[in-house]
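I set out to record what can be looked up about pockets and nonpolar cores.

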Amino acid sequence: RRMTAGPVFITGAGSGIGAATAAAFAAAGHDVIATDIDGAAVAAVAAALVADGGRATAHRLDVADPEAWDALAAELRAADRSPAIVVNNAYALVDAPAHEQTEADWNRQLSVTLSSVYRSVRAFHASLEAAGGSVVNVGSVHALVAWPDRPAYAAAKGGVVALTRQLSIEYAPWVRVNCVLPGSILTKVWDGVGDAGRSAAARQASLGRLGRPDEVAAVILFLAGDGASYITGTTVVVDGGQTTSVIDVG
Ligand SMILES: NC(=O)c1ccc[n+]([C@@H]2O[C@H](COP(=O)([O-])OP(=O)(O)OC[C@H]3O[C@@H](n4cnc5c(N)ncnc54)[C@H](O)[C@@H]3O)[C@@H](O)[C@H]2O)c1
């Protein structure tokens, strides 16, 4: 295991891409601060990493709650574990056309998926800058192309791309800020989708299958690390080729 400059802070780490990202960083020797609104889920993720010889702690955090960010930042500062790397991965999604989204639905999705990125740099810019650190935001191919019934999600993910670019210039040259845009990745998001829906999604990708969470985590780990030392303000699409063509390649 390689030791690194400082802890990595991950939101939505109780499941899916966030949990896989926590595992990837732990396996690379990082001290992992795993956070999620689901405290039990993230506790199980952290416990498994520790059982496997990694360093990790679990913390309940609703990324839409500014005071919770302040409290957790203070707790980490007191423990001398302020992060050198932040992965903003939590999201919220309400499937409905725009006119059927309530104000509360709309605001919640923007707060969890987009404003959380702002809250993360407000909470951790000092330790990010001191460490010469990195922020990796988890966007979506929804930032590039539209699907029905996801207006707030699309707006939030498009906002994440713009905010990534913006933060990359505000905190340069000390902090690199990048974004991954996953395509169809097999997490619990797909639990409610039947075989027909899954194979339709697989056929949209030139690689002919859905992606795995660890295939996104590997790119996040790369973007946060020294191998990406000249990459900032940009996006990496991790979609098996889903957005490269308008034809059904399957
Ligand atoms: N799975 C896909 O097909 C796909 C595609 C494109 C983008 N993404 C993006 O990948 C990221 C992770 O998605 P996933 O598929 O792993 O989902 P997931 O549902 O498996 O995991 C998301 C985690 O976020 C947590 N969470 C939800 N609201 C939260 C909040 N307010 N505060 C803190 N944590 C919260 C959940 O409890 C859950 O553990 C999201 O940003 C999502 O938009 C996923």
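Which residues lie nearest the centre of the largest pocket? I note first that the model is predicted. I found Y91, L93, Y153, T187 and V189 nearest the centre, among the 43 residues that line the pocket.

I next looked up the volume of the largest pocket, which comes to about 990 Å³.

I then sorted the lining by residue class. It holds 21 nonpolar, 15 polar and seven charged residues.

I asked which helices contribute to this lining. At least two residues each come from α1 (16-27), α4 (103-131), α5 (151-170) and α6 (195-204). The largest share belongs to α6, with four residues.

In soluble globular proteins, nonpolar side chains tend to be buried together. The largest nonpolar core here has 32 residues, and I recorded F9, W69, F124, V135 and L167 as those touching the most other members. Two or more residues of this core are given by each of α3 (66-78), α4, α5 and β6 (176-182). With eight residues, α4 provides the largest share of the core.

Leaving aside residues up to four places away in sequence, I listed its contacts as F9, T11, L61, D62, V63, N88, S116, R119, S120, A123 and F124.

Finally, I noted a second, separate core of 29 residues, including I10, F25, A56 and L223.

Methods
Residues are numbered from 1 along each chain as its sequence is written. This is a predicted model: local features need pLDDT of at least 70, side-chain atom pairs count only at pLDDT 80 or more; totals for chains, interfaces and linings use all residues. Side-chain values use heavy atoms; hydrogens and water are left out. On a 1 Å grid over the protein atoms alone, a cavity is a set of points where a 1.4 Å probe fits but cannot get out, and a pocket is an open set with protein on both sides within 12 Å along at least five of seven lines; lining residues have an atom within 4 Å of a point. Grid points are joined across faces, edges and corners, and a volume is the space filled by probe spheres set on the points. Ala, Val, Leu, Ile, Met, Phe, Trp, Tyr, Cys and Pro count as nonpolar, Asp, Glu, Lys and Arg as charged, and the others, Gly among them, as polar. A nonpolar core is a set of buried Ala, Val, Leu, Ile, Met, Phe, Trp, Tyr and Cys residues joined through side-chain atoms within 4.5 Å. Buried means under 20% relative accessible area, exposed over 50%, partly exposed in between (1.4 Å probe, protein chains only). Contact means heavy atoms within 4.5 Å.
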